[in-house]
Amino acid sequence: MNVFVETRDRYRTYSKYLKEKYGGRVHKISINLPGTCPNRDGTRSTGGCIYCDEEGSGFNALPSTMSVREQVEKSREYLKKRFKAEKFISYFQSYTNTYLSLDKFKTNIRDALGPDIVGISVSTRPDCVQEEYLDALGEIKDEWGVDINVELGLQTVNYRTLKKINRGHTLAEFVDAVNRIKPRGFEICVHMILNLPWDDITDVVEGAKFLSALGVHYVKLHSLYIVEGTPLGEMFKKGEIEVAPLSEYVRRVGAFLEYLDPNIVIQRLAAKGPKGKLLFCNWGLSLWAVKQEIERYLEEQDIYQGKKFNYLKRNL
Ligand code: SF4
């Protein structure tokens, strides 16, 4: 049965979920910190993930030269005026936010708290989830009563593709991170790119089943964008890779949603890249147009999230 029939949604949308959970308009405040990542500074690798641009995937936030407090204040005022936002989630978005000293990490998190902040979201790598940092987040949760969300990049469950894109970790590190984060009562959001050139639809379906079995809370789906100056950009310019057509991306999103646990909240269906540096992004369409195309396909094919979620023993 489609659990979304009443709401006419074919997947569990983040905006609706936030409204239900917090009883008002909730927006994320993106915080951009200067930093690096073990996959760029030589600890794991010097190249970084092959699609990562020099901003460390935090291009749509305020400049990292501003303090955490300044960024929170400025964004909060803007979001209140522009969207009538009432509550906020402080979102440490760029680079690997647990790859800095523990003291600095604690200070940053405390500077991002406030009376209308209902959550802290920390973006990091599965191989950078250290117990002391989780302890620090646990203290903040107890003291301030905020929700803690840890965002992990995974991108694909295909072991060989993980190597190709130079993620610098495998599935084992990801499972280990999830197993250590979940018992603390924190939420987990996972980033997946559904149209990596080395993956096919079976990888996508397995990705949905894998995340459902692990019981993560949120998923962010990304359409692959290609940035000038990255190793992926070089491959693209040399004709070594091809991006599948939009129709294939849409089909993969549909398959992913069908197999995904209907309780998992979808934070996005596609991505948009940094302006001015893009070699490829969303087939020349706006993010909105891609989202509409996906929703039209779901409707036409009568696809809804969890339609094929019947493969876990815990559900029998
Ligand atoms: S883990 Fe994130 S910041 Fe590090 S190289 Fe990959 S995409 Fe870039």
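What do the buried residues of helix H3 pack against?

Mentor: A few conventions are needed before the answer. The model is predicted, so local features are given where pLDDT is at least 70 and side-chain atom pairs count only at pLDDT 80 or more, while totals for chains, interfaces and linings use all residues. Residues are numbered from 1 along each chain as its sequence is written.

Helix H3 covers residues 102–111, and Phe-105, Asn-108 and Ile-109 are its buried residues. Helices here are DSSP runs of H or I with at least four residues, strands are runs of E with at least two, and both are numbered from the N terminus. A residue is called buried if 20 or more other C-beta atoms lie within 10 Å of its own, exposed if 12 or fewer, and partly exposed in between, with C-beta atoms placed from the backbone. The buried residues of H3 line one face of the helix, because they fall within an arc of 95 degrees when seen down the axis. The arc is taken from the directions that run from the helix axis to the C-beta atoms. An α-helix has 3.6 residues a turn, so residues three or four places apart point the same way. On the other side of H3, Asp-103 and Lys-104 are exposed.

Now to your question. The buried residues of H3 pack against helix H2 (68–83), strand S2 (87–92), strand S3 (117–124) and helix H4. Contact means that the C-beta atoms of two residues, placed from the backbone, lie within 7 Å.

Val-72 has its place in helix H2. Val-72 is buried, because 22 other C-beta atoms lie within 10 Å. Leaving out residues up to four places away in sequence, Val-72 touches Ile-29, Ile-31, Ser-90, Ala-112 and Gly-114. Val-72 is also 19 residues from Tyr-91 in sequence, with 9.5 Å between their C-alpha atoms.

Strand S4 holds Leu-154. Leu-154 is buried, because 24 other C-beta atoms lie within 10 Å. Phe-174 is one of the residues that Leu-154 touches, along with Val-190, His-191 and Met-192, when residues up to four places away in sequence are not counted. The C-alpha atoms of Leu-154 and Pro-126 are 7.9 Å apart, although 28 residues separate the two along the chain.

The loop between helix H5 (159–164) and H6 contains Asn-166. Asn-166 is partly exposed, because it has 18 other C-beta atoms within 10 Å. Its phi is near 55 degrees, a positive value in a residue other than glycine. Most residues other than glycine have a negative phi.

The axes of H7 and H9 come within 8 Å and cross at roughly 30 degrees. Axes are lines fitted to C-alpha atoms, for helices over the stretch in contact, and angles run from 0 to 180 degrees between N-to-C directions. H7 and H9 are therefore roughly parallel to each other. Angles under 35 degrees count as roughly parallel, over 145 as roughly antiparallel, 65 to 115 as roughly perpendicular and the rest as oblique. In H7, Ile-201, Val-204, Val-205, Gly-207, Ala-208 and Lys-209 meet Arg-251, Arg-252, Ala-255, Phe-256 and Tyr-259 of H9.

H9 has a further neighbour. Helix H9 (residues 246–259) packs against helix H10 (residues 287–300) at an angle of about 60 degrees, and their axes are 9 Å apart. H9 and H10 are therefore oblique to each other. Leu-246, Val-250, Val-253 and Gly-254 of H9 make this contact with Val-290, Glu-293, Ile-294, Tyr-297 and Leu-298 of H10.
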